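Work through the exercises below with the sequence and the model open. Try each task before reading its solution.

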Amino acid sequence: MDSEGLHLNIDYVGSSGVILSPEQKAALQTSLIILKSENKFHKVYFWGKILGVKDDYFIAQGVSCDEMAEKKTLYSKDCVNWGLLPFATKTMRDTSKLAKGRFTGDPSYEFEHTEMKKVGEGEDATEEEETISIKEEDRLASVIADIDEDVRIVPRAAFVKSPTGEVISNRSFEGLTVSEAAKLCSYMHFREPIQLHEKTLLQRADMDKAIDFLDTLEEDIPKGSWSLQFERGSGLVSVRSLLWLGYVAYHVPGTKNYGSVYVGTGEKNMDLPFML
Amino acid sequence: METEGTNAKDQQFIHAKSYLLKSSTSTGINLYDHLSKVLTKILDERPENVVDIFEDLSKDTKRSKFTSKVDTVQNKIDQSTEVALAQVQRRLYSKGDGEEGEPEPEEEVETPLPNIMELCFYFEQAGIGLNREELIRIWLALKNMVDSYPLQDVRFWGKILGTEQNYYVAEVEYREGEEEEEEEEEVEEHQEEETAEKDADEEGEEEEQEEDDTPKPDYKPPPEIPKEENKTGANKKIYFVCNDPGKPWQRLPAVTPAQIQAARHIKKFFTGRLDSPVVSYPPFPGNEANYLRAQIARISAGTHISPLGYYSFEEDEEEEEEGDARDNFQINVDYEGTSVRELVDPGLSSWVHHVQHILPQGRCTWWNPVQKNEDEFEDEEEEEEREEPDEPEPEVGPPLLTPLSEDHDIMNLPPWTPRLSSNLIPQYAIAVMHSNLWPGAHAFASGRKFQNIYIGWGHKYSQDNYSPPQTAPVQEEFPSGQEIAEGEDPTVEEENALKNAQEEAMEAAEEAEEADEDEDDDDN
């Protein structure tokens, strides 16, 4: 969610139970502007909130002109002082999947995961316990990267790919129409495309190269992992992810207003297949 | 020469222009007109950095050629859903519709309608809740409900998110005596159904006896645990739900223990349609309305909390029976309010549950499943065969108004997280409790005020992934034995031997008969 006009935009996701207290809104208004100027970001997004047992993390993301390429994630516990999160590497993301349970709210806390490992071969094999410790800060960075990759979505044509390969926001995006907004194929994953390359030439024939450079939600597995609802009649579309409960994207059809926010425990909903 | 030069330039210009004016064979427009249109548009609108979006402008101009601006239908009725909903919700804002001529005779009657806006104010400080506009609509919808039903107590319970629609839940209590009328009708219907079923069963049995004696299974299902009476236990309150404020409130059916037990074993998303089936394993007895009601009962029992001392038991009422938990309490008039500092103490001892714990049986008060068997007349044989089950251990839960400090941890995770609403101005902060067991359940307290709310998907938290219970083992087949075992085919020798033996036997018999006959003849 764009940090400009955050206090107005946050109302769009209020019906999903996501609201900020007046104190938090005021603090964010001040601190995000400072954050933007100090770090020379092109734009700052209020990414959301990860609920911990003792404390919550507020997350902001700063981007450069190319919104897909350069992205820095910051966290704060009081909405005022922001700390930079490490870049989530592949190994970090793999190990942090082993951590179980809720975030505590203390970035230096270490989750421990013990694994039985077989040492030796044949009959001499003995089982040894191996303990992996995962720092909460690393887990936080990994979870944010996971959520961004799995569910971060934008309306179709909100971003365009320029001939030089940059991904920039589309100035002439005028919003989806109501009938378009009701379809999952009008929303796209804001990440490097995965399924797009697997499409046949025939399927790609009708695509606009500048706009359709991302995966659409339609092919997501399992089917039904998104809940798309109109609110206020058709005045507002809320798209909720059932894979990451707490992720809400909104769009006001016919306007440039769109955005998304995650407020949740930072745990993936692994039970999804049973719950549909 | 000069004139020739200019002539040549003019010539080139004319060539170029005529080339640009050449209409496309497929679309029929020409570049010259198109460019002049686009440039006019740009000069009229003057957008910033126009060169970056020139392509789009050009595309838009081309596209606009095909959309007709002239609306041939005058006064077209806009039937978008937005308008439809606004029409529905407009009724909320009307004041009595003027049907009752009297200008609101409400003379200071204590209304059961809660002050939602005040609660919203407190919850908003804690960063919980819904939009204010939405809450106003809910408030108006609740007001409508108060006007149309004889209610004693109304509370906004919360919002449950669904995949297609959401549920707004209101928790109400009927005024004494008013509710029974509605109840009785339902009960009668129910009884009729049951009797009809019984009749059908009996008829079936008779027919069966006439035709053939089919084997009957020994298995008798355990007696169904009766649901709790209204106004007690899990059915203490009545719940109404609606999908959008302004749409009609629908009453949820009373919950049965079987539904609560089944709901504990499944985890399904709500769709938002009350009549949709719950497809699950183990099968859930009922549709989504029943599942919703069961989850509401479980959430209420787990997360409805109040500051210690706000409610107290009625003093004069002596404990009648040992072990029979008291289920009545009243608001303590002398309650002064607990200090915020005590309320956010991580010991959690200054908050208590004010909704009864639901036992594993699915009821709040334990019901002995054996007692009924003794009353029933049973065949003596059966009694002999079946060992009388041991007197089951009564299930006991924590009594009413138990402090939260008695709640169980969720695998090293504290069940509640107390918070102050503000760290910057703690003097005026309020105490907020977040449930970790039911994410989405919150409570606040400040002075004499407190309230609970639930906004979420309606699922219990568990660290481990949900795994559905195993399917029951496959039913055993008929025990293999002599009578159903397939014998080996006899060989030719064996057949011959059998044949010979039979023939011999026949002959022997014939001989014997002949001998008898001879004897008979002799006699004669």
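**Exercise 1: an aromatic pair in chain A**

Tyr262(A) is buried, at a relative accessible area of 1%; buried means under 20%, exposed over 50%, partly exposed in between (1.4 Å probe, protein chains only). This is a predicted model, in which local features need pLDDT of at least 70, side-chain atom pairs count only at pLDDT 80 or more, and totals for chains, interfaces and linings use all residues. Residues are numbered from 1 along each chain as its sequence is written, chains are lettered from A in the order in which they are written, and side-chain values use heavy atoms, without hydrogens and water.

Task: classify the pair of Trp244(A) and Tyr262(A).

Solution.
1. Rings of Phe, Tyr and Trp (its six-membered ring) pair if their centres lie within 6.5 Å; planes under 30 degrees apart are stacked, over 60 edge-to-face, the rest tilted.
2. The centres of Trp244(A) and Tyr262(A) are 6.4 Å apart and the planes stand at 80°, so the pair is edge-to-face.
3. Trp244(A) sits in the loop between β12 (236-241) and β13 (247-251) of chain A, and Tyr262(A) in strand β14 (residues 258-264) of chain A, so the pair ties together parts 18 residues apart in sequence. Strands (E, at least two residues) are DSSP runs, numbered from the N terminus.
4. Trp244(A) has 3% relative accessibility and counts as buried.

**Exercise 2: an aromatic pair in chain B**

Task: classify the pair of Trp157(B) and Tyr239(B).

Solution.
1. Trp157(B) and Tyr239(B) lie 6.4 Å centre to centre, with 85° between the planes: edge-to-face.
2. Trp157(B) is in strand β1 (residues 151-160) of chain B and Tyr239(B) in strand β3 (residues 238-242) of chain B, 82 residues apart.
3. Both Trp157(B) and Tyr239(B) are buried.

Key:
Helix = DSSP H or I, 4+ residues; strand = E, 2+ residues; numbered from the N terminus.
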